[in-house]
Amino acid sequence: MNKQKIFAIANSQLAIGIWRWNKSGRLAIAIGLGLILLVGTISISVPVIAAGRTQKILSTPANVIWGELFKPDSKPIARVKSGDRVVMETISHEGILPDQGDTVRFFAQGGIPKNPKSTISRQQILSDQLQTKAKVKKTGPGPHVITGPVYIEGAVPGDVLEIKTLDINYRSPYGAISNRHGKGALPGEYPENNAPIYSKVIAIDAKREVGIFQPANNLLPIEIPLKPFVGLMGVVPANPADAANSVPPGNYGGNLDIKLLGRGSSLYLPVQVPGALFYAGDPHCAQANGEVALTAIECSLTPTFEFILHKDMKLATPMGETKDAWIAVGLDKDLDEAMKKSVREYLQIANEKYGMTKQDALMLGSAAIDFDVSQVVDIVKGIHGTIPKQLFPTK
């Protein structure tokens, strides 16, 4: 499909997003909807797709919550049908949390401790962050600011919601990384000298897609390649108790922090409540597997999502997909158990999608499938297995 045809079937904002996708080699996923194989207990599914429309959702105080997830009785801020898209603003929590003090001063001094090489002026600070801090009550123990929820018409428990991330745009010229006392991969050891918090402001060069990391001891700055993704995407859990804290992920998705779920990816979630009630937050400009300090480069982003409702498949836990791979997700407070769950989902994918026996798939996994630690800092830890599609021969 050429660019002229793309512009003929979409509004200009969406068309631009698809055209950019095409330039990076991902257009086939955007337009090749067809039959999509889903796994989880995985079965072939015919998705419910209607003619798509696009809505813009702003991250105003009326559209966000802070510290917890939405609940089954939360009032939706938008309603969509399968095949619709939303352009959804998200807000980073870093820089507005109580332990970071005055937000303007925090960014003006380059973080905690002071780092003049990373200063951000008052005029550069995203107004939505300041409005959230001033007007939104923090009602849960988590740090995340979450936009939503979005009601998907026709979604009922037992269905599967596919969230396609079509595009992601940067909202501000900065991000931040933080390490807090008692948290991260080395709680009790860092921050050094028993400091309560150590934060670093990262300048964002959106044009070159790099973040500028300024070491504290006058070493040369380090350029970190940016790979933006939304760390927290979910549907409302059926049990309201699971929504009390925004930090731990679960079968409803939430704070998965899987860096592969960026542009051109899909996340599949089992619907828990009528309408699914999708939400998003915890945007990242970049993250390494593990996220060992506690946060990665937290930065405000505007993703474009497309929703596809699958009525005739079964899925018990989250699963991801990119152009090149399936992503088998394992979640548990015990990292060993999270690994087992990820391996089991991989075996199910190999069996359902490619016809392998689970015994053979286990053998293949030892030789050819990488299992990585998504994060170890969110109470419930994550492992994800990356299953290359090209590994499996097709007739």
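Which charged end sits over the ring of tyrosine 151? That of arginine 79, at 4.0 Å from the ring centre. Before I go on, please keep in mind that this is a predicted model. There is also a lysine to mention here: lysine 200 lies over the face of phenylalanine 213, and the distance to the ring centre is 5.1 Å.

Now the nonpolar cores. The largest one has 40 residues. Among the residues with the most contacts inside it are Val150, Ile152, Leu161 and Met233, along with Phe278, Phe305 and Phe307. The element that gives the most to this core is strand β15, residues 229-235, with four residues. Leaving out residues up to four places away in sequence, methionine 233 touches, among others, Ile163, Tyr252, Leu261, Leu269, Phe278 and Phe305.

On to the aromatic rings. The structure holds seven aromatic pairs. In one of them, phenylalanine 106 and phenylalanine 107 have ring centres 5.0 Å apart and planes at 75°, so this pair is edge-to-face. Both phenylalanine 106 and phenylalanine 107 are buried, and together with Tyr174 they form one aromatic cluster.

Another pair is phenylalanine 278 with phenylalanine 307. Their centres are 5.1 Å apart and their planes stand at 65°, so this pair is edge-to-face. Phenylalanine 278 belongs to strand β18, residues 278-286, and phenylalanine 307 to strand β20, residues 301-310, so the pair ties together parts 29 residues apart in sequence. Phenylalanine 278 and phenylalanine 307 are both buried.

Conventions:
Residues numbered from 1 in each chain as written. Predicted model: local features only at pLDDT ≥ 70, side-chain atom pairs only at ≥ 80, totals over all residues. Heavy atoms only, no water. Core = buried A, V, L, I, M, F, W, Y, C linked by side-chain atoms within 4.5 Å. Buried < 20%, exposed > 50% of the residue type's maximum accessible area, 1.4 Å probe, protein only. Helix = DSSP H or I, 4+ residues; strand = E, 2+ residues; numbered from the N terminus. Contact = heavy atoms within 4.5 Å. Phe/Tyr/Trp six-rings, centres within 6.5 Å; stacked < 30°, edge-to-face > 60°. Lys NZ or Arg CZ within 6 Å of the ring centre and 35° of its normal.
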